[in-house]
Amino acid sequence: MTSSFQTDSFPSWLRLVLGTLTAIIGTNGIWAVIIVLPAVQQEFGVDRSVASLPYSTTMIGFAVGNVLAGKAVDRFGLALPMAVSSVLMSLGYFWASAVENIYLFTAIQGIFIGQGAAVFFGPFLADISHYFERYRGIAVAVAASSNYVAGALWPFFIEPFLSEGSWRDAYFWIGSICSLILLPMTLYLRQSRNLRESAEQAKAGYRHHINSGFSPAQIQWMLMIAGIGCCVAMSMPQVHIVALCSDFGYGVAVGTEMLSLMLACGIVSRLGSGLLADRIGGVRTLLIGSCLQCFSLVLYVQADGLVSLYVVSAVFGLSQGGIVPSYTLIIREYLPAETAGLRVGALSMATISGMALGGWLSGEIYDWTGSYQVALLNGIAWNMMNIMLIGMLWVRPLRIKSQPV
């Protein structure tokens, strides 16, 4: 169902609220497997490396699913792909709750749960960007915060099942939520903007794309490579902060608190960056966030005390939270609206791949050197590549604008 309602209107804000609530439920797929990992390892009697495979396949499915779902959203709108994903996740959770083989569980996580969760991230951000003009930055930031909110809330739902029953009970009830609550919620998102009409408005002067001097393909690849760079850097503290605290003798509990602090500050950062982007644009907002993230990584190199690690973790969270949503804003500022779902989905796949690569690479460097210092320097180098590429997108349009006609 298409509609011609205006951007930044009450229906737009209502769609944002309903979509964000739906995404908080839908992105459970990338958090649940992390929470149940120790219980799964114990029940199946496997090594930690084998028990980690379900998470790996979940992230692979999540990355690929962002592209597939993004293309579907461009063609059919948001509601149908979300409904299909809700059914896919429901079946995945029900089936996973009954399997007796770790490798079958691993396959289900990637094919059903990981891919099912994908539509609730990148494709959802692309969709919501069509409903806002003046407040697009804050709207995309709110939508992107659903992922962090999900990571903060779902452990409270799953933990009682792990304490009193088993991970299988938790998976069964998550599957029930996906089928009984999530699926009906997608029905409220059936009304969508006519993207052809939106494109005509843009051509008529309602929204002009920035003349960057680069082709659309060049911009897409620059953003994807930059996304990999920033997320390789971002993953080092996010993935290894608990282990880093253990190395310093502060314990796992302290490391977990620092991770929670980091995510909480990340939500603040996303909302603040959204407000900033509405004033200065996505490219400059991303540049500020990337530079601050690089600075916080430099601080991590020097930090070894308990207080300093807490402070730097907060600074890191406040720096990096707004980076990923800014890519969606850049795509909407520089590239055609009617392909936003596919482009944001492909970019999300790149950033997810960067997180996976960075998490693994930091561990490898630690094994080689026995310290996280070199891993942090490696992250800084990847971050500098990100800053260089985004800087080109910022500087070149300024030069084109300054040239005499």
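This briefing covers the overall build of one protein, then one of its residues, serine 85. The structure is a predicted model: local features need pLDDT of at least 70, side-chain atom pairs count only at pLDDT 80 or more, and totals for chains, interfaces and linings use all residues. Residues are numbered from 1 along each chain as its sequence is written, and side-chain values use heavy atoms, with hydrogens and water left out.

**Overall build**
- The protein has 17 helices and 2 strands. Both are DSSP runs numbered from the N terminus: helices are H or I with at least four residues, strands are E with at least two.
- Along the principal axes, the C-alpha atoms fill a box of roughly 70 × 50 × 30 Å.

**Packing and surface**
- Of the 405 residues, 56% count as buried (under 20% relative accessible area; exposed is over 50%, partly exposed in between; 1.4 Å probe, protein chains only).
- Among contacts (heavy atoms within 4.5 Å) with a separation of 6 or more, 83% join residues 24 or more positions apart.
- The protein exposes about 17200 Å², and carbon and sulfur atoms supply 67% of that area. Accessible areas come from the Shrake-Rupley method with a 1.4 Å probe; for residues, only the protein chains shown count as cover.

**Serine 85**
- Serine 85 sits in helix 5, which covers residues 79–96.
- Serine 85 counts as buried because its relative accessible area is 9%.
- Beyond its neighbours within four places in sequence, serine 85 contacts Gly116, Val119 and Phe120.
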